[in-house]
Amino acid sequence: ILHSEIADTLESLYGDQANDIALQLAHHFEAGGNPEKAIAYLRIAGDSAFQGYAYNEAIAAYTRAMELAEQASSTAEQLTYLYLRCGRALELSNQYKLALQNYKSMLTAAQNRHDKAMELASKVAASTLYSIPTPVSDGIEGRRLSEETLNLARELGDRTSEARVLWNLQLVNLLENKTTGAIECGEASLAIARELNLREQMAYVLSDLCWAYNMS
């Protein structure tokens, strides 16, 4: 009861600046039996740490938020966001094996929920890790997973994910020195990215297309 009262009081006193004490509020809301508010503030704390390049702090906040979200039966959209951000923070802090474990946990959660969109997101993220030059690179697994996810993306009509998967296949082909396949997949990804104005995706694809054309 006291934790709940403290959380409400602090949130009221800080008003528009409540995000500045997001971790403190998350702690009190969790202890006060309000996991939904705790998750919301953990997400805010995680995002703030992520943007400040404090990846370990971001990982800790996202991880606790995911644990609470599973218990609180949060939406698949909320869980997807948390898993992807946590995975990205792990990648950026060079914790690639843990990032893969994170995406595998996300896949399990998606399958338990029978949520194909969440399943697609987890597989796309994992296939990217297998397809780029990292200690966990695996061209065979990257290709297998990418081909599987390409079919799922098209089944769901998710063109953004389709562009990302085609880029993953472009990367796999580059790893295997298959420049013709890399160019074909890259150009297909670029066409979708231009159609949907996916500027970040365009940048990635164009950079790797330059590499492919130079190799051909």
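The legends below describe close-up views of a predicted model. Residues carry numbers that start from 1 in each chain as its sequence is written. In this predicted model, local features need pLDDT of at least 70 and side-chain atom pairs count only at pLDDT 80 or more, while totals for chains, interfaces and linings use all residues; side-chain values use heavy atoms, without hydrogens and water.

**View 1. The largest pocket and its lining.** The largest pocket holds about 780 Å³ of space. Of its 23 lining residues, R88, R164, W167, E200 and Y204 are the closest to the centre. A pocket is an open set of points on a 1 Å grid over the protein atoms alone, where a 1.4 Å probe fits and protein lies on both sides within 12 Å along at least five of seven lines; lining residues have an atom within 4 Å of a point. Points are joined across faces, edges and corners, and the volume is the space filled by probe spheres set on them. At least two lining residues come from each of α5 (76-92), α7 (116-131), α9 (159-175) and α11 (199-215). The largest share, six residues, belongs to α5. Helices are DSSP runs of H or I with at least four residues, numbered from the N terminus. Sorted by class, the lining comprises 11 nonpolar, five polar and seven charged residues. Here Ala, Val, Leu, Ile, Met, Phe, Trp, Tyr, Cys and Pro count as nonpolar, Asp, Glu, Lys and Arg as charged, and the others, Gly among them, as polar.

**View 2. The largest nonpolar core.** This core has 46 residues, and L25, Y41, L82, Y83, M118 and L129 make the most contacts inside it. At least two of its residues come from each of α1 (2-14), α2 (22-31), α3, α4 (55-71), α5, α6 (96-113) and α7. The most, nine residues, are given by α4. A nonpolar core is a set of buried Ala, Val, Leu, Ile, Met, Phe, Trp, Tyr and Cys residues joined through side-chain atoms within 4.5 Å. Buried means under 20% relative accessible area, exposed over 50%, and partly exposed in between, with a 1.4 Å probe and protein chains only. In soluble globular proteins, nonpolar side chains tend to be buried together. Apart from neighbours within four places in sequence, L129 is in contact with E91, Y96, A99, L100, Y103, T134, V136 and S137. Contact means heavy atoms within 4.5 Å.

View 3. A second, separate core of 19 residues includes V124, A193, L198 and V205. L190 is part of helix α10 and is buried, at 3% relative accessible area. Not counting residues up to four places away in sequence, L190 touches M202, V205, L206 and L209.

View 4. D47 belongs to helix α3 (residues 35-51) and is buried at 14% relative accessibility. Its contacts, leaving out residues up to four places away in sequence, are Y62, Y81 and R85. T80 is found in helix α5, where T80 is buried at 15% relative accessibility. Beyond neighbours within four places in sequence, T80 is in contact with M106, M118 and A121.

**View 5. Loop residues with positive phi.** H114 sits in the loop between α6 and α7. Its phi is positive, about 55°, although H114 is not a glycine. H114 is exposed, at 72% relative accessibility. N197 lies in the loop between α10 (179-196) and α11. N197, also a residue other than glycine, has a positive phi near 60°. N197 is partly exposed, with a relative accessible area of 48%.

**View 6. Cysteines.** The whole structure contains zero disulfides, a disulfide being a pair of cysteine sulfur atoms within 2.5 Å. C185 is in no disulfide, and the nearest cysteine sulfur, that of C210, lies 18 Å away. C185 is buried, with a relative accessible area of 16%. C86 is buried, with a relative accessible area of 2%.

**View 7. L2 and H28.** L2 is in helix α1 and is exposed at 64% relative accessibility. L2 and H28 stand 26 residues apart in sequence, and their C-alpha atoms are 8.8 Å apart in space.
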